[in-house]
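Please read them with the model open.

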Amino acid sequence: MYLTKEEEQILNGEAGETLRQAIEILVALGDIYGADRLIPIKSAQIAGVSYKTIGDAGLEWISDLQGKVKVPTILNPAGMDLENWKRLRISPDFAEKQKLIIQAYEKLGIKCECTCTPYTLEGFDVGYGDHLAWSESSAVSYANSVLGARTNREGGPSALSAALLGKTANYGFHLDENRLPEILFEVEYPLEKSNYGALGYVAGKLAGNRVPIFHLRNSPDVDELKALGAAMAASGAVALYHVEGVTPETRRVDFKEPAEKITIEKKQLDEVYESLNKACKEPELITIGCPHCSAAELEKAAELLKGKTVSKEFWVFTSRGLAKRYPEYIREIEKSGAKVVCDTCMVVSPATNNYSCVMVNSGKALAYVPGMCGAQAIYGSMEACIKEAVGETTNKAGGSY
Ligand code: F3S
């Protein structure tokens with residue numbers, strides 16, 4: 001892998017131990033994946049923020065680093081709402097450690113905004129063709145697919161290394177040839193909003209880590225694309241997908257149709273949720289906002305909760321940036337007794353561990369809650385989740401999603 005003179009000097013430790021370690025990580029990855037050089041990035045997003053997932057070893061590693069990041073950098077969700085952690089029964093010991101992690105990142109010049117939807121934040125713009133070093137799988141999928149930017153699915157240490165250097169190794173999804181569709185999914189019936197999480201759940205398992213292209217009858221909006229990509233990244237390892245006529249690369253690049261074609265039937269989506277929704281019957285906790293709710297999703301939740309009172313714990317996850325920008329939605333949601341929670345999510349917060357049955361409206365949360373929170377999870381649309389929270393009857397076992 002070619003390194004400039006300055007990069008060689010960094011590798012020799014002439015710019016200090018932190019940058020030496022950072023470039024060593026990027027060069028090692030570049031050598032493994034056949035990168036020719038390092039390329040500049042526009043921004044970084046770093047996973048490995050919750051004390052629940054990185055523990056003391058992670059805290060120690062980040063605390064030892066010196067210097068400042070060279071590009072706008074933000075964090076993935078932490079283990080708690082950083083301003084209002086007590087109301088989800090987070091222990092003071094956990095809170096103390098979590099705050100130390102945030103301080104260690106801030107010392108490196110990283111913006112303390114903890115979200116998996118960095119693309120919704122003001123001042124964190126992403127353009128077509130921009131090279132990024134992002135970590136969180138749904139954010140990576142959204143950046144690559146919906147925005148037409150270019151990022152590999154970075155681990156926490158490699159994203160942080162890229163942020164400190166302002167560069168990443170040129171391999172994988174940074175290159176044109178790795179962005180071509182490899183499998184075609186035909187969906188010949190109209191999809192409803194909540195079907196996109198289900199479709200992603202099915203398609204991700206079939207695609208594995210390949211790049212799928214979808215032929216759909218609908219033209220999904222950005223939140224539907226977000227749900228589709230998040231579920232595919234969780235049930236498979238899809239970091240880039242295309243939707244014919246919708247996502248930007250299909251309009252700029254003349255793709256050859258992949259040889260492998262699969263038709264996804266409606267009954268496959270029904271079957272997935274019917275079988276998964278048998279995990280448990282009575283959710284004690286209902287959560288929405290995986291990935292973090294957009295402004296449109298907050299508006300819809302506020303509208304659906306207007307004049308109602310929740311009778312169960314109901315958490316709505318979003319970024320602090322959006323919560324501050326739309327206080328009217330937050331007020332309306334919280335008037336119902338629901339809690340709007342920022343900086344964290346149902347998967348990376350230890351708060352979810354206090355429950356045994358959780359209802360979610362996300363294919364990704366459905367895949368991760370059982371393994372990471374020790375709770376069973378069932379799925380429903382946002383409408384079904386809200387009905388459950390306010391005590392109206394739902395059909396959790398089937399058609400209502
Ligand atoms: Fe985001 Fe947490 Fe889901 S990081 S995509 S809300 S699992």
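1. Asp 130 has a relative accessibility of 18% and so counts as buried; buried stands for under 20% relative accessible area, exposed for over 50%, and partly exposed for what lies in between (1.4 Å probe, protein chains only). Its salt-bridge partner is Lys 42, with the closest N and O atoms 3.0 Å apart. A salt bridge here is a side-chain nitrogen of Lys or Arg within 4 Å of a carboxyl oxygen of Asp or Glu. Asp 130 sits in the loop between strand E4 (111–114) and strand E5 (133–134), and Lys 42 in the loop between strand E1 (38–40) and strand E2 (44–46), so the contact ties together parts that are 88 residues apart in sequence. Lys 42 is partly exposed, at 37% relative accessible area. Helices (H or I, at least four residues) and strands (E, at least two) are DSSP runs, numbered from the N terminus.

2. A word on the basis of these notes. The model is predicted, so local features need pLDDT of at least 70 and side-chain atom pairs count only at pLDDT 80 or more, while totals for chains, interfaces and linings use all residues. Residues are numbered from 1 along each chain as its sequence is written, and side-chain values use heavy atoms, with hydrogens and water left out.

3. How many salt bridges does a search of the whole structure find? The search gives 25. One of them joins Asp 36 to Arg 37, with 3.4 Å between the closest N and O atoms. Asp 36 is partly exposed at 41% relative accessible area, and Arg 37 is partly exposed at 37%.

4. Another salt bridge lies within a helix. Asp 270 and Lys 266 meet at 3.4 Å, N to O. Both belong to helix H10 (residues 266–276) and are four residues apart, about one turn of the helix. Asp 270 has 22% relative accessibility and counts as partly exposed; Lys 266, at 36%, is partly exposed. Elsewhere, salt bridges that share partners join Asp 81, Glu 83, Arg 320 and Asp 343 into one network.

5. Next, the aromatic rings. The structure holds nine aromatic pairs. Rings of Phe, Tyr and Trp (its six-membered ring) pair if their centres lie within 6.5 Å; planes under 30 degrees apart count as stacked, over 60 as edge-to-face and the rest as tilted. Tyr 33 and Tyr 171 form a stacked pair, 4.8 Å centre to centre with 10° between the planes. This pair links distant parts of the chain, with Tyr 33 in helix H2 (residues 17–33) and Tyr 171 in the loop between strand E6 (167–169) and strand E7 (183–187), 138 residues apart. Tyr 33 is exposed at 52% relative accessible area, whereas Tyr 171 is buried at 9%.

6. The rings of Tyr 51 and Phe 94 have centres 5.6 Å apart and planes at 70°, so this pair is edge-to-face. Tyr 51 is in helix H3 (residues 51–64) and Phe 94 in helix H4 (residues 92–107), so that the pair links distant parts of the chain, 43 residues apart. Tyr 51 and Phe 94 are buried. Ring pairs also link Phe 185, Phe 214 and Tyr 241 into a cluster.

7. The charged end of Arg 252 sits over the ring of Tyr 128, 3.7 Å from the ring centre. For this, NZ of Lys or CZ of Arg must be within 6 Å of the ring centre and within 35 degrees of the ring normal.

8. Which cysteines form a disulfide? Cys 280 and Cys 357 do, their sulfur atoms 2.1 Å apart; the cut-off is a pair of cysteine sulfur atoms within 2.5 Å. A search of the whole structure finds one disulfide. Cys 280 lies in the loop between H10 and strand E11 (285–293) and Cys 357 in strand E14 (residues 357–360), so the pair ties together parts 77 residues apart in sequence. The torsion about the S-S bond is about 75°, so the disulfide is right-handed. Cys 280 is buried at 13% relative accessible area, and Cys 357 is buried at 3%.

9. Cys 342 is buried, at 5% relative accessibility. For Cys 373, the closest cysteine sulfur is in Cys 345, 7.8 Å away and too far for a bond. Cys 373 is buried, with a relative accessible area of 4%.
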